[in-house]
Amino acid sequence: MDAADLAAIWLTLKLATVVTLLLLALGTPVAWWLARTRSRLKNVVAAVVALPLVLPPTVIGFYLLVALGPNGWLGKLTSTLGIGLLPFTFAGLVLASVLYSMPFVVQPLHNAFDAIGERPLEVAATLRASPWDAFWSVAVPLARPGFLSAAVLGFAHTVGEFGVVLMIGGNIPDKTRVVSVQIYDHVEALEYAQAHWLSGAMLTFSFVVLLALYTVNPQAVRGRR
Amino acid sequence: MVGAIDTIQVALQLQRGDFQLDIDVTLPGRGISALFGPSGSGKTTCLRAIAGLERVNDARIVIGNEVWQDSAQGIFVPTHERALGYVFQEASLFEHLNVRANLEFGMKRVPPGERTFSTEAVAGLLGIGDLLARRPGKLSGGERQRVAIARALLASPRLLLMDEPLAALDLRRKQEILPYLERLHDELSIPIIYVSHAPDEVARLADHLVLLDAGRAIASGPLSETLARADLPPTFADDAGVVLDTILDGDEADALSRLRFAGGVLYVGQRKEAVGSHLRCRIHARDVSLALQRPSGTSIVNLLPARVTATVPTDTPGHVLVQLRMGPTPLLARITERSRRELDIVPGRDVWVQIKGVALLS
């Protein structure tokens, strides 16, 4: 492996870490709302969150590219705010990855919150815990396996994505060139030895992650759609 | 500090699909009030509404001087701001916490100056002192429920709500817990509202009885008075009988004990309790027969004078339920219509009752 490969690995890990933290922060309230609401919008929101599971990454990448571009509404917003345009930047990659990996975080959390049920929260209320207090002192600890699954799946899925990265991030060394893109470059250049090393590393990583998840927490994985 | 609770007012109106709840009762501010009725009669909904777990739009719930809900004035105190304890049918312990942390969950959320119990005192009261370091998963059903009761008490409630706390337990576990519930009754001054559909639990524990049927309170009053009402529907009439609160008066030479009550003395098999102990016993209507003169030449030892106050037909053809009073104490007897006619049992007549069986409840 050369410096470019290591840079790609480093960038991938950085991206996956940032994305996972953001996903947990954003996915938790969404999953909580989905698990508790009686709103008729529930199914609509659940379907929107699940869209990346069925759409080709290129579709999401395309729409994001349009929306984030200089003429897109998000692009205009980011320009006005002085952030600049996001496509082909690390920040853009993060945004796209968060959207694309959202179902992998929301669904385990949604299932975990569902499995807790109403009762422990009612008990907490009768023991003087406000809803906010009960969320942190009862719901989050009881949903711990769900959080573990969500974090691992969110991280692993971000590491494994390719299409969205290529559409939004492009292929800029140290900024948006992640491992999956680097492998693609190696194969294009017929550098099969390097492609083997990186692909083998990805394969091992993914297998170890999934094995760990199934071993530590079989229920949470089975509960996932 | 808030004052003692004199009364608990519960008025609820709720329409949910076919089910209608329309209740307006005032419960005493001490002792155990039982909400008794068949499944689907609205007891649990009623209890959940008192706790604020069920949002009933038309309700007025006043605990002593505290208004917990008054829809007319737009007052609704959320559950976590109501000083209550709630024991669910299933213990519902927090599985991620050990027993001590479960017990102290509510306590930690009450300012130290307002706490009414210590962990040690309550753990002792419920016999769970040795379990504090355990995980809920390592407890038996009876232990779990005792921990749940202790946890509710440690939240320093002004009112304890119990929703069929024994229903999920087998007979042996029930027998294990009942004495603890009696201790709560005897040693604590917190009023308890106890939901049950088991006549035995009600007879043993309750001081005040509310009978619910199809979402309405068809009777509400002191236990012995309410049980002795001969006009109640068959849900309880199958098992008709009265409950007497007695005091152990002393032992006889021939291994019998004397129980004194407001209407006389009963003899039962010798008791181990100390003289002066309060003992509650139940007399089934089917165990009571009537005679016009003091019977002689009978093996039955409990013979008492009484006056008939009412007679009503029962569901069983040919049988009637006779309501009597021994002094101030009510009693029910189930006799045949033929006997009623031949003895001319009518309100106001003085008779002798023969009590064939006295079931001690404690």
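Start with strand β13 of chain B, residues 256–261. Its side chains alternate. B:Ser257, B:Leu259 and B:Phe261 point to one face and are buried. That means 20 or more other C-beta atoms within 10 Å of a residue's own, with 12 or fewer called exposed, anything in between partly exposed, and C-beta atoms placed from the backbone.

A word on the source. This is a predicted model: local features need pLDDT of at least 70, side-chain atom pairs count only at pLDDT 80 or more, and totals for chains, interfaces and linings use all residues. Residues count from 1 along each chain as its sequence is written, while chains are lettered from A and ligands numbered from 1 in the order written.

Now the neighbours. Strands are DSSP runs (E, at least two residues; helices are H or I, at least four), numbered from the N terminus. Two strands pair if DSSP finds at least two bridges between them.

On one side, β12(B), residues 241–251, pairs antiparallel with β13(B) over four bridges. B:Asp251 has B:Ser257 as its bridge partner. Four residues sit between these strands in the hairpin, and B:Ala255 takes a positive phi near 65°.

Next, β14(B), residues 264–269. Six bridges join β13(B) to β14(B), again antiparallel. Here B:Ser257 partners B:Val268.
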